[in-house]
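Student: I have a two-chain structure open and would like to learn how to read it. Could you take me through some of its features?

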Amino acid sequence: MQELVDSLVADGFVPGGLPLWVAYLGAMLVFGGIVVFVFILPIAGITTWVERRVAGRIQSRIGPNRTGPAGFLQWLADGIKSVLKEDIVPSAADVPLFKLAPYVVMTGFVAAFVVVPFGGPLIIADLNVGILYLTAVTALVVVGILMAGWASNNKWSLLGGIRSAAQIVSYEIPAGLSILPVVMLAGTLSMQGIIGHQGWAPWTWHVFDNPFTFFAFFILFVSALAEGNRTPFDLPEAESELVMGFATEYSGLRNLLFFMAEWGNLYVIGAVVTTLFLGGWQIPLALADHPVPRIVLQFAIFFAKAYFWVFVAVWLRWTLPRIRVDQMMIMCWKYLVPIAFVNFMGTAVWMVLFPAGVPAVRVLLSLTAAGLLVAFARRVVFHVRRALLTREELSFNPLSTARVMSRG
Amino acid sequence: MYFQFANVLVFFLLAFVLCGLMLGLGLLLRPSNPHPGKLTTYECGEPPSGNAWINFNIRFYLIALVFVIFEVEIAFIVPVAAVFRDWIARGQGAFALAEITVFVAILAVGLVYVWVKGDLEWLKRLPQYRGEPAAEPLRRDAA
């Protein structure tokens, strides 16, 4: 984005007499405002709608379908409803902290978008510490959740808050260790640099670089789900045991802010996974010569990849049951952390042994993934066929046949 | 460079503006019918018993301690990881790998120590019961 503003200034776009820093600040505010209000808000809202529709399908019901086509405007309706709700701050709560907590959570979530790439040159700021900054700033969410849990002065909230802190803090370790192989491979921390080190073809992606990164990818995704408090790791707000966890005392708009951050974080998870392991916005350059359609294509491919992982997260939520606290801790410290260590060391050894990479392994791993996808598609086809068959059988009506028979 | 990092501050500001705008809009639109009953702490419909600012389990402190050790370690590894490729290109890959191995091995010993000491167990048992098989839960005969 800096190049764009620089070129605008060089072209004399800035009115004379205006100090240069004002022009830059204005540009930052405009671009930041566009990203926050045009991208983040709708993406967080629409994901709630997607989640409820998918949940409906998975549970053999319909889901929201009244507001707008297929219930698409449900997220707006929910937002408006939340704005119109009475504001309740419990009299026993620590009021300043109680009111500050949603701000902190939202800050941790919104600030992550500074380094989330959108496609091609579209990125707010390609920080040279990109991925490290992202892990650091998303950790602000823990502070907010802990603040909310403590300030509510409610036993459910306190338990939810400290559980959440323990969980997010534990899963930071495997997540951080799974990022390191990619950093070693790309030799940079910047998001655009990491994407630039990969190509459009699956066998050039980091996930298929060697067997260790293949596992690091899954560890990162699982840890990111745990950090985002998603089922099967949604213990902090486990509604069947802790009412609503850290958000028990929050109602109306403040509750909405917490959950906007949670659903928006799903997209951040998808974008991080895509950037680090799945080739980001890379497309074959022959596909589009002109910059504008190329950027549109790059945005589309990045969004599709990132949103696929949002869909997977939603799908996991409505498929798997919640795990217990001790299981969650054991899984992190006794399985994910040692395996992540092995991945890290394995990648280092691999890079020393094969500085140029092993094309055969890349192709083999890509073929393995393709095989898994084909096997999965066959399962889907099988189930769809079976569902269609049952529907036919259900529509079989003995009375109508009886009538036909009597006529005959 | 300054421009890049100024964006971070702008986004912090925008997040606060976003929350402030929404809450401010709510302030204008929402009803306000205060009632002391609404402002009590929720405890499943019962009057709340005592304060919620209580001591919580020591296990959480242990997790926090272990976390700090490993997070600092990751913070130290990140710069090494970022230049590892350059070292290999300069033909010093084996040397860099040996250094990383020593560093990670020390921390692996730390993980093993914590593990053996039983601090990764979430369900703990008192020392005198350690090693015994878990007691059968009391059978409740149907009334």
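Tutor: Gladly. Bear in mind that this is a predicted model. Let's start where the chains meet: helix α7 (residues 155-186) of chain A packs with helix α2 (residues 59-89) of chain B at an angle of about 15 degrees, their axes being 9 Å apart.

Student: Are α7(A) and α2(B) roughly parallel or oblique to each other?

Tutor: Angles under 35 degrees count as roughly parallel, and therefore α7(A) and α2(B) are roughly parallel to each other. Their crossing is left-handed. The contact of α7(A) with α2(B) has 19 nonpolar residues, along with two polar and three charged ones.

Student: How many residues of chain B are in contact with chain A?

Tutor: As a general idea, the size of an interface is often given as the accessible area lost when the parts come together. Here we can count residues instead: 58 residues of chain B are in contact with 65 residues of chain A. On the chain B side, the elements that give two or more residues are α1 (2-29), α2 and α3 (93-116) of chain B. The most comes from α1(B), with 18 residues. By class, this side of chain B has 42 nonpolar, ten polar and six charged residues.

Student: I also clicked on E43(B). Where is E43(B) found, and with which residues is E43(B) in contact, leaving aside neighbours within four places in sequence?

Tutor: E43(B) is in the loop between α1 and α2 of chain B. Leaving aside neighbours within four places in sequence, E43(B) is in contact with K155(A) and P48(B). E43(B) counts as partly exposed because it has 16 C-beta neighbours inside 10 Å.

Student: Let's turn to chain A. How many helices and strands does chain A have?

Tutor: Chain A has 15 helices and zero strands. Its C-alpha trace spans about 90 × 65 × 50 Å along its principal axes. Of its 408 residues, 46% count as buried. For contacts in chain A between residues at least 6 apart in sequence, 78% join residues at least 24 apart.

Student: Which residues of α5(A) are buried?

Tutor: Helix α5 (residues 130-138) of chain A is mostly covered, with seven of its nine residues buried. Those buried are G130(A), I131(A), L132(A), Y133(A), L134(A), V137(A) and T138(A). The cover includes α4 (95-110), α6, α7, α8 (191-196) and α11 of chain A, together with α2 of chain B.

Student: At what angle do α2(A) and α12(A) pack?

Tutor: The angle is about 45 degrees, with the axes of α2(A) and α12(A) 10 Å apart. The two helices are therefore oblique to each other, and their crossing is right-handed. In the contact, T47(A), V50(A), E51(A) and V54(A) of α2(A) meet V310(A), V314(A) and W315(A) of α12(A). By class, those residues divide into five nonpolar, one polar and one charged.

Student: Finally, some backbone angles. What is the phi of A70(A), and what is that of N153(A)?

Tutor: Most residues other than glycine have a negative phi. Phi of A70(A) is positive, near 55 degrees, and N153(A) has a positive phi of about 55 degrees, although N153(A) is not a glycine.

Student: Where are A70(A) and N153(A), and is each one buried or partly exposed?

Tutor: A70(A) is in the loop between α2 and α3 (74-83) of chain A. With 14 other C-beta atoms within 10 Å, A70(A) is partly exposed. N153(A) lies in the loop between α6 (140-151) and α7 of chain A. N153(A) counts as buried because it has 21 C-beta neighbours inside 10 Å.

Note on methods: Residues are numbered from 1 along each chain as its sequence is written. Chains are lettered from A and ligands numbered from 1 in the order in which they are written. This is a predicted model: local features need pLDDT of at least 70, side-chain atom pairs count only at pLDDT 80 or more; totals for chains, interfaces and linings use all residues. Axes are lines fitted to C-alpha atoms, for helices over the stretch in contact, and angles run from 0 to 180 degrees between N-to-C directions. Helices (H or I, at least four residues) and strands (E, at least two) are DSSP runs, numbered from the N terminus. Angles under 35 degrees count as roughly parallel, over 145 as roughly antiparallel, 65 to 115 as roughly perpendicular and the rest as oblique. A crossing is left-handed if the near helix is turned anticlockwise from the far one by less than a right angle, and right-handed if clockwise. Ala, Val, Leu, Ile, Met, Phe, Trp, Tyr, Cys and Pro count as nonpolar, Asp, Glu, Lys and Arg as charged, and the others, Gly among them, as polar. Two residues are in contact if their C-beta atoms, placed from the backbone, lie within 7 Å. A residue is buried if 20 or more other C-beta atoms lie within 10 Å of its own, exposed if 12 or fewer, and partly exposed in between; C-beta atoms are placed from the backbone.
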